[in-house]
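The entries below are kept in the order I worked.

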Amino acid sequence: MNTNRSMPRRAALAATAAAAALVLAACGSNDSTNTAGATAATTTAPASMEANQHNQADVTFAQGMIPHHRQAIVMSDMVESHGASREVKELAERIKKAQKPEIDTMTGWLKAWGEKVPTGFGMGHGDDDSGMPGMMGDRDVNRLGNAKGNAFDTMFLTMMIEHHEGAIDMAKTEKEQGAYGPAKALADSIITSQTAEIAQMRTMLAG
């Protein structure tokens with residue numbers, strides 16, 4: 001505490017416990033250097049102290065995984081009208097449901113950190129076109145969209161395995177290099193869930 005502030009605070013503390021709490025709360029909110037709390041009010045954003053406990057690897061992970069997840073949703077959306085197998089359709093629906101809340105969570109982190117939130121969903125769709133691991137290019141996505149029935153199912157499973165493998169690579173990098181605990185926990189969850197889905201998809205292809 002600065003010397004010129006310490007005397008009034010001692011006086012307030014001496015009055016009552018309630019007054020002390022009010023003074024201390026006011027001290028935290030009036031400090032011009034305390035700005036993190038203002039950006040952490042959303043349910044998906046980190047708490048004010050946690051917001052500062054991240055590094056560039058965490059930012060790269062979120063900024064890369066958001067369009068990666070969006071592309072998985074785009075590919076999965078095609079299954080309902082293009083696919084033949086009920087099992088493939090159920091898998092695609094499960095993939096979609098997993099991506100959406102994770103996108104919201106990572107968007108909250110980036111906003112709290114004052115970082116750019118990607119606006120697109122992969123190659124050729126937005127300002128975040130990238131060569132992230134496993135990301136499908138426009139030609140591949142168009143090929144998938146032009147396929148039907150069993151041919152679509154085979155192509156979808158093959159592409160989604162590669163897509164999942166890319167997400168796992170990014171998640172492993174986050175676990176090794178990241179500093180933000182929730183991001184590392186999400187990375188671990190992605191590795192576990194998508195490894196299981198890859199095994200399932202390989203079994204489906206073999207059958």
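What follows are my notes on this structure, which is a predicted model.

**Entry 1: overall make-up**

I started with the secondary structure. I found nine helices and zero strands in the protein. Read along the sequence, the pattern is α-α-α-α-α-α-α-α-α. I then looked up burial for the chain: 40% of the 207 residues count as buried. I also looked at how far apart in sequence the contacting residues are. Of the contacts with a separation of 6 or more, 72% are between residues 24 or more positions apart.

**Entry 2: α6 against α9**

Two packed helices are described by the angle between their axes and the distance between the axes, so I noted both for each helix pair. For α6 and α9 I have an angle of about 165° and axes 12 Å apart. The two helices are therefore roughly antiparallel to each other, the cut-off being over 145 degrees. The crossing of α6 past α9 is left-handed.

I listed the residues that meet here. From α6 they are Glu87, Val88, Leu91, Arg94, Ile95, Gln99, Glu102, Met106 and Trp109. From α9 they are Pro182, Ala183, Leu186, Ile190, Gln194, Glu197, Gln200, Met201 and Met204. By type, this contact has 11 nonpolar, three polar and four charged residues.

**Entry 3: α4 against α9**

Next I looked up how α4 meets α9. Their axes come within 11 Å and cross at roughly 40°. I therefore put α4 and α9 down as oblique to each other. Here too I noted the hand: α4 passes α9 in a left-handed crossing.

On the α4 side the contact is made by Asp58, Phe61, Met65 and His69. On the α9 side it is made by Ala183, Leu186, Ala187, Ile190 and Gln194. I sorted these residues into six nonpolar, two polar and one charged. Ala183, Leu186, Ile190 and Gln194 of α9 are in this list and also in the list for α6.

**Entry 4: α7 against α8**

I then took helix α7 (residues 138–146) and helix α8 (residues 149–177). Their axes come within 9 Å and cross at roughly 150°. That crossing angle makes α7 roughly antiparallel to α8. The hand of the crossing is left-handed.

Asp140, Arg143 and Leu144 of α7 make the contact with Phe152, Met155, Phe156 and Met159 of α8. I counted this set by type as five nonpolar, no polar and two charged.

**Entry 5: aromatic pairs**

How many aromatic pairs does the structure hold? I found four, and I wrote up two of them.

Phe152 counts as buried because its relative accessibility is 0%. I have 0% for Phe156 too, so Phe156 counts as buried.

I also noted a cluster, in which ring pairs link Trp109, Trp113 and Tyr180.

**Entry 6: His68**

Is His68 buried or exposed? I located His68 in helix α4 (residues 56–77). His68 counts as buried because its relative accessibility is 1%. Leaving aside neighbours within four places in sequence, I listed its contacts as Met132, Pro133, Gly134, Met135, His163, Gly166, Ala167 and Met170. I also looked up His164, which is 96 residues from His68 along the chain; their C-alpha atoms are separated by 9.3 Å.

**Entry 7: Thr192**

Last, I looked up Thr192, which lies in helix α9. Its relative accessible area is 53%, so Thr192 is exposed, the cut-off being over 50%. The C-alpha atoms of Thr192 and Ile168 are separated by 8.8 Å, and the two residues are 24 apart along the chain.

Conventions: Residues numbered from 1 in each chain as written. Predicted model: local features only at pLDDT ≥ 70, side-chain atom pairs only at ≥ 80, totals over all residues. Heavy atoms only, no water. Axes fitted to C-alpha atoms, helices over the stretch in contact; angles between N-to-C directions. Helix = DSSP H or I, 4+ residues; strand = E, 2+ residues; numbered from the N terminus. Parallel < 35°, antiparallel > 145°, perpendicular 65-115°, else oblique. Left-handed = near helix turned anticlockwise from the far one by under 90°. Contact = heavy atoms within 4.5 Å. Nonpolar A, V, L, I, M, F, W, Y, C, P; charged D, E, K, R; others polar. Phe/Tyr/Trp six-rings, centres within 6.5 Å; stacked < 30°, edge-to-face > 60°. Buried < 20%, exposed > 50% of the residue type's maximum accessible area, 1.4 Å probe, protein only.
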